[in-house]
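Good morning, and thank you for joining.

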Amino acid sequence: MARQQYSDLLRQLYGSKVQKLNVNAGLSCPNRDGTKGWGGCTYCNNASFTPAFGSDSYSVTQQLLDAKRFYYGKYSNMKYVAYFQSFTNTFAPVKQLQSLYEEALLVPDVVGLVVSTRPDCLGDDVLDLLQSINEKNKVIVEIGAETTHDRTLELINRCHSWQCARDAICRVAQRGLTVGIHLILGLPGESEEDMMTTVNRVAQLPVSTIKFHQMQVLRGTLLALLWKRGEVQLIDWSAQDYAKLCQRISSKLPGTIVIERMVSTAPSELLLYPKWGLKPAQFREIFEKNL
């Protein structure tokens, strides 16, 4: 069956064309503040994907209004979804989370939420809240799993297991929420077959969307330090090599799973490796050319 596009899924969920607006809620992660570990994921630099209008120094309302102005005029009758992206967006007391989510939904034309989080921060109280919101405003829960291999999860300081992620995916789906999953291709020590094992395992779960990106080495991260010292080995692949892997993955995933993206970009001043110099649309051309 033909694979549904992410934009079509959003239209199906929200009843119209929608644009995601990034929100930085100013939260942290349990592997950053000592709850489960320190320092965060070895590869993480949130500045690489947080837009200028997504600063946590502004309220949720102000961030969304600024983001709306950025997109104003591009489309008529546009609706919006608040994308709580930076760090772990269910890692706070439920009353605080409820206040953040409700504030976002009070902004005119914001019709739903995408909540990015970790699998170990989805307790029943959080799921109760998200399920309640979902009854009126559809919620996508985007779970950062990254890989299904515990040895890799330990190496990158995720401080959770694959079993934890697997259980979280099932529990979120059981609440009637749309489940998205985030995976990184090319993590330290993983072969292409390791990555395909991850894809095959995820394909068996109640996942609606997958977001892939290639392993990137960013300035200011522990991974960058280890990579420069030669203590971490990464796959030396070209954009064409990566596109071939993405084609293989696409052929293995059931058509019911929407692939939101296959490649990610980071600001050039932060990116150390791989420096392909491609925009997502250019990578798409490579991907489709070799199909």
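Let me begin with exposure: a residue is called buried under 20% relative accessible area, exposed over 50%, and partly exposed in between, using a 1.4 Å probe and protein chains only. This is a predicted model, in which local features need pLDDT of at least 70 and side-chain atom pairs count only at pLDDT 80 or more, while totals for chains, interfaces and linings use all residues. Residues are numbered from 1 along each chain as its sequence is written, and side-chain values use heavy atoms, with hydrogens and water left out.

I turn to the salt bridges, each defined as a side-chain nitrogen of Lys or Arg within 4 Å of a carboxyl oxygen of Asp or Glu. Searching the whole structure gives 17 of them. One joins lysine 79 to aspartate 109, at 3.1 Å from N to O. Lysine 79 belongs to strand E2 (residues 79–84) and aspartate 109 to the loop between helix H3 (94–106) and strand E3 (110–117), so this pair ties together parts 30 residues apart in sequence. Helices (H or I, at least four residues) and strands (E, at least two) are DSSP runs, numbered from the N terminus. Aspartate 109 counts as partly exposed because its relative accessibility is 33%; lysine 79, at 29%, is partly exposed.

Is lysine 211 buried or exposed? At 4% relative accessibility, lysine 211 is buried. Its salt bridge is with glutamate 142, at 3.2 Å from N to O. Lysine 211 lies in strand E6 (residues 209–214) and glutamate 142 in strand E4 (residues 139–146), so parts 69 residues apart in sequence are tied together. Glutamate 142 is buried too, at 5%. Shared partners join Lys20, Glu142, Lys211 and Glu260 into one salt-bridge network.

Next, the cavities. On a 1 Å grid over the protein atoms alone, a cavity is a set of points where a 1.4 Å probe fits but cannot get out; lining residues have an atom within 4 Å of a point. Grid points are joined across faces, edges and corners, and a volume is the space filled by probe spheres set on the points. The whole structure holds 2 cavities of 30 Å³ or more. The largest has a volume of about 50 Å³, and strand E5 (178–185) and helix H7 (192–202) each supply at least two of its lining residues.

Definitions and conventions:
1 Å grid on protein atoms, 1.4 Å probe; cavity = no way out; pocket = protein on both sides within 12 Å on 5 of 7 lines; lining within 4 Å.
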